[in-house]
Amino acid sequence: MITCENGIFAIQAEAYSYLFRVNHQGRLEHLYFGAPVKTTDAEAFYCRPGLGWGASLLLDDKDPASCPDTMALEWSCSGRGDLRESPMAFGGQTKSPVYHSHAVFDGIAPMESGLPQAQEASQTLLVTLAQPGLEIQLYYTAFPTVLTRRTVVKNTGSETLSLTKLMSFCLDLPGSYHITTFDGSWIQEMGKHTLPVLDSRIVNESTTGFSSNRHNPGILLSDPEATEDSGRVYGFNLVYSGNHYSSAQRSHQQLTRVMMGISPDNFCWKLAPGADFEAPEAVLAVSDAGFDGLSQNMHRFVNDHIIPKKWQNRARPILYNDWEGCGFRFDHNRLLGLARKAKKLGCELFVLDDGWFGKRNDDHAGLGDYTVNKKKLPFGLKGLASAVNKLGMEFGLWFEPESVNPDSDLYRAHPDWVLRDEHPLILGRHQLLLDLTKPEVRDYIVEKVSRVLDSANISYVKWDMNRHSVALGEKSHRYILGLYDVLGRIFGPRPNILLESCASGGNRFDLGMLCFSPQIWCSDNTDPIDRLAIQTGLSYLYPQSTFGAHVSAAPHAQTLRHTPLATRGNVSFFGCLGYELDLKHLLPVEIKEIQAQITFYKQYRKIFQFGRFRRLAEGWQVSRGDTTLAGLYSGLCHAAPGYQWLKVKGLNPKVDYRMVSRQQRLRIGQFGGLITHIAPISINPHGILMRTVDHHVTLPDGQEDIHCSGAALASGVALAPRFLGTGYDKNARTQGDFGSNVYVIEPAP
Ligand code: GLA
């Protein structure tokens, strides 16, 4: 509900209140953003300047309350007394529009530049600021758990303007905060870093051309005392996939200015008379229930308002992807063999990754030439897809349509179609980016990809992008608009195709891509121990339904770490489960184990994908309806480990529950020479007999089955002892290094 009375603007939603006022000089002063309060509380939040601070610039010399530098503002400018960072810049010209008018609409206010935006809001408030020749439109759209803000600048004058910076929002929050950013690189995405916001400006920015794995656009500001479950935490994110910028800085008056938008680095947009420029939509969330409460608000918003409607709350298929198993070396028969095996395991979708087109036998050539390689696939995609369909699986396909190898027919025919300037070309993974600002390039991509998609029964697409951009500023933004245009034209008419976006893993994990692709490949790093950190980082801002999470081989390709198959499954369960390893070499015990994993996941799939997610001290949990699933993960094990407890959150303390752990199996080989102590005959621990037994026989690991109240589970229930070095105990948890399990908690029958 949005109201505007007596100069007070109030946005009241299920999870927050947002209050600001227009002052006597036409400035918008921020009053409150937090857990719901009454609109009549507005006055109580007003920061009174009294006689004002010395050495300030006043708009009215007689009025100490007219100092923009000390106000908590909703928007500001340079050159008119606010000496803090400005959310807009016009190449050195001062622009200082003031309140002009406002309006409230039902639903969203559709954007016009082709940027994606959140859908199905209750109401939108538009506040227009104006001065001769310029209008700034501030949009506030109310969703139940978040508010979105965006800015449009309109040139209403007769001179062309140089817009060098335009943030999507600017906000002065009262008080001091810590900032959390999510940073990294390839195969190390979403590292969480927290710093106090002091008087120097802290900037979170991408200048790579994309939202990037270096700095995810999403940030958090938290009360220094906030914990996982208590205290105020703000979250901000951008519905945008290109260069982004956000900053936080505390003023002397203890106001923390935060802003977010397209990176102003090298940005300069020529705004002709009559033209306007739209900044992307930014998301603002708050919770007084700590980081968990904030994440919950973000998750609900993404699941209900960002993900394409068709895929909201819709179970995602368990896929098999051939990449880590085959790379570029495959043909029809090998793929079909894998598909048969994947089907037997329980997979529902077979995805053919890179290497199916042109002369793409390694990553030096072929990108851009989306004609099927008939040597590898003599029956074409149609033949392969229908053979896969006959097995009872869906078929999916990889593309990297934004890129081109210099060694490709496309590049040879159109060398002018790549992003370039007067400097020599720079390659990344031996490839260039196509210039998506050019209509003919976009038409080519739309035509080529659409033709392939319509040539066979393809129900899933992995849309990859594997290099950084060289486009700067305006060009870089136009590229992203071009990308959205292409995605909309290809997938708009094909809503049944499940799109999974990927950029060398998580180099473009953002809300802009999620408006088109319900899931994103989190990282090329599938080591489950590294994935714990990556998926935990993502979980602050994005729901687990958006995580492409696959089980791969051990030792792992990037870490050489050997982790139990059970743990690889237990980590990937908390996302959209897939398998990505060579199935040909699976041992009989591994086949059984994967079958059991998939059966288990199918039983609880909706809960894993869409349940209410919570971070635990040593794992994660998801809950939906009466069922909670908790994953508990260990690092290196120690001799004679002590007791361990599992604390489960969010249960009804009065209800009696049964907590059962997933039945896991132990490999005989895990015990090595110890077997010789208990075997009735003499066995060579390295011999063929031992190997054969190890490949076929497993021992049950101890299984928990605990009946107790929700209150007891909240306090922490004692788990079975771990392997103590005193022998095999069928009741103990014999997990070894990187062991884990998933616990199912349901009301007792
Ligand atoms: C990127 C992706 C991988 C895979 C390869 C194929 O690295 O992130 O998942 O698709 O490209 O070349």
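Modeller: Happy to! An axis, as I use the word, is a line fitted to the C-alpha atoms of a helix over the stretch in contact, and the angle between two axes, from 0 to 180 degrees, is taken between their N-to-C directions. Please keep in mind that this is a predicted model.

Let's begin with helix 3, which covers residues 332-345, and helix 4, which covers residues 380-390; their axes come within 10 Å and cross at roughly 20°. Angles under 35 degrees count as roughly parallel, so helix 3 is roughly parallel to helix 4. The crossing of helix 3 over helix 4 is right-handed. To find the contact on your screen, pick out His332, Leu335, Leu336 and Ala339 on helix 3, then look across to Gly383, Leu384, Ala387 and Val388 on helix 4. Sorted by class, this contact of helix 3 with helix 4 holds six nonpolar and two polar residues, with no charged ones.

The axes of helix 9 and helix 10 come within 9 Å, with a crossing angle of roughly 15°. Helix 9 and helix 10 are therefore roughly parallel to each other as well. Their crossing is left-handed. On the helix 9 side you will see Pro528, Ile529, Arg531, Leu532 and Gln535, which meet Thr567, Arg568 and Val571 of helix 10. The classes in the contact of helix 9 with helix 10 are four nonpolar, two polar and two charged residues.

While you are there, follow the loop between strand 30 (547-551) and helix 10 (565-572), where proline 555 sits. Alanine 554 and proline 555 are joined by a cis peptide bond, with omega about 0°.

One more pair is worth a visit. Helix 11 (residues 588-610) and helix 13 (residues 688-696) have axes that come within 5 Å and cross at roughly 15°. That makes helix 11 roughly parallel to helix 13. By class, the contact of helix 11 with helix 13 has two nonpolar, two polar and two charged residues.

Next, the ligand. It is surrounded by 13 residues, and the closest are Asp353, Asp354, Arg429, Lys462 and Asp524. Lysine 462 places a side-chain N or O atom 2.7 Å from an oxygen atom of the ligand. For aspartate 464, the distance from a side-chain N or O atom to a ligand oxygen is 3.0 Å, and for asparagine 466 it is 3.4 Å.

Asparagine 6 is not a glycine, yet its phi is positive, at about 50°.

Notes:
Residues numbered from 1 in each chain as written. Predicted model: local features only at pLDDT ≥ 70, side-chain atom pairs only at ≥ 80, totals over all residues. Heavy atoms only, no water. Helix = DSSP H or I, 4+ residues; strand = E, 2+ residues; numbered from the N terminus. Parallel < 35°, antiparallel > 145°, perpendicular 65-115°, else oblique. Left-handed = near helix turned anticlockwise from the far one by under 90°. Contact = heavy atoms within 4.5 Å. Nonpolar A, V, L, I, M, F, W, Y, C, P; charged D, E, K, R; others polar. Near = heavy atom within 4 Å. Polar contact = N/O pair within 3.5 Å; in protein donor to acceptor, adjacent residues only side chain to side chain.
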